[in-house]
Amino acid sequence: KQEVKMEIIQATRYELVEVLYLLQVCVYKLTSGYIYWDPMIHHIGDEIDKNNVFIIKTNHISVGLAVLSTNPNKDSHDINWTEKNKALQIERLIIHPKWIGKGIENELIRFTEQFAKENGFDSIRIKVFANNKPVINLTNTLSYKKAGEAHLPLQFVPFIGLEKRID
């Protein structure tokens, strides 16, 4: 049996094709309810240039990614966040459908928490669709608390804002 080597790297423009592939596959599977995704993929190159994109690889194969931000987007302002200090927001959490449930989500969240600690953040925020039970359950097991909901125009399912204080 081959040993599984897992690593998380900061994406560069060299990984843009891998990032776009993951986004495409996950958008296709969006209805599975496991994916938190923001349709603004045309900005992903800018996010890479800002050093906000992190890819998780298993045996050198990209299986997921996280887009982290220190500047939450507009729809985050409708949520009554309880942690008012320096917050790191998970803008996108993408896992290839074939890798869901294999611990990739946990590794990305743990990485994000460690990244937040090392960079002086006080809390982590994530927005998920209210019907995204797998991510809600995952964040609940990791002590994230519900901060509120936001409902955008023409959006049938509201976002739930979840946050966790980093000590």
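Predicted model: local features only at pLDDT ≥ 70, side-chain atom pairs only at ≥ 80, totals over all residues.
A charge sits over a ring if NZ of Lys or CZ of Arg is within 6 Å of the ring centre and within 35 degrees of the ring normal. Lysine 102 meets this test with tryptophan 99, lying over the ring's face at 5.9 Å from the ring centre.

Residues are numbered from 1 along each chain as its sequence is written, and side-chain values use heavy atoms, with hydrogens and water left out.

Start with the sheet. Helices (H or I, at least four residues) and strands (E, at least two) are DSSP runs, numbered from the N terminus. Two strands pair if DSSP finds at least two bridges between them. Seven strands form an open sheet in the order β1-β2-β3-β4-β5-β7-β6, and the pairing is mixed. Its edge strands, β1 (6-10) and β6 (145-150), each pair on one side only. From one strand to the next, the twist averages 25°. Axes here are lines fitted to C-alpha atoms, for helices over the stretch in contact, and angles run from 0 to 180 degrees between N-to-C directions.

Now take the β1 end. Strands β1 and β2 run antiparallel, joined by five bridges. Methionine 6 has threonine 58 of β2 as its bridge partner. Six bridges then join β2 to β3, again antiparallel. There, valine 53 is partnered by valine 67 of β3. The hairpin of β2 and β3 has two residues between the strands, and asparagine 59 takes a positive phi near 50°.

Buried means under 20% relative accessible area, exposed over 50%, and partly exposed in between (1.4 Å probe, protein chains only). Six of the six residues of β2 are buried, so the strand is largely enclosed by the rest of the structure.

Lysine 146 stands opposite leucine 162 in β7.

Contact means heavy atoms within 4.5 Å. Helix α4 (residues 133-141) lies across β5 and β7, at about 155° to β5.

Finally, the rings. Rings of Phe, Tyr and Trp (its six-membered ring) pair if their centres lie within 6.5 Å; planes under 30 degrees apart count as stacked, over 60 as edge-to-face and the rest as tilted. The whole structure holds four aromatic pairs. Phenylalanine 111 and phenylalanine 115 have ring centres 6.1 Å apart and planes at 35°, so their pair is tilted. The two are four residues apart in helix α3, about one helical turn. Ring pairs link both to Phe54 in a cluster. Phenylalanine 111 is partly exposed, at 22% relative accessible area.

Phenylalanine 129 and phenylalanine 159 make a stacked pair, with centres 4.8 Å apart and planes at 20°. Phenylalanine 129 lies in β5 and phenylalanine 159 in β7, so the pair ties together parts that are 30 residues apart in sequence. Phenylalanine 129 is partly exposed at 22% relative accessibility, whereas phenylalanine 159 is buried at 8%.
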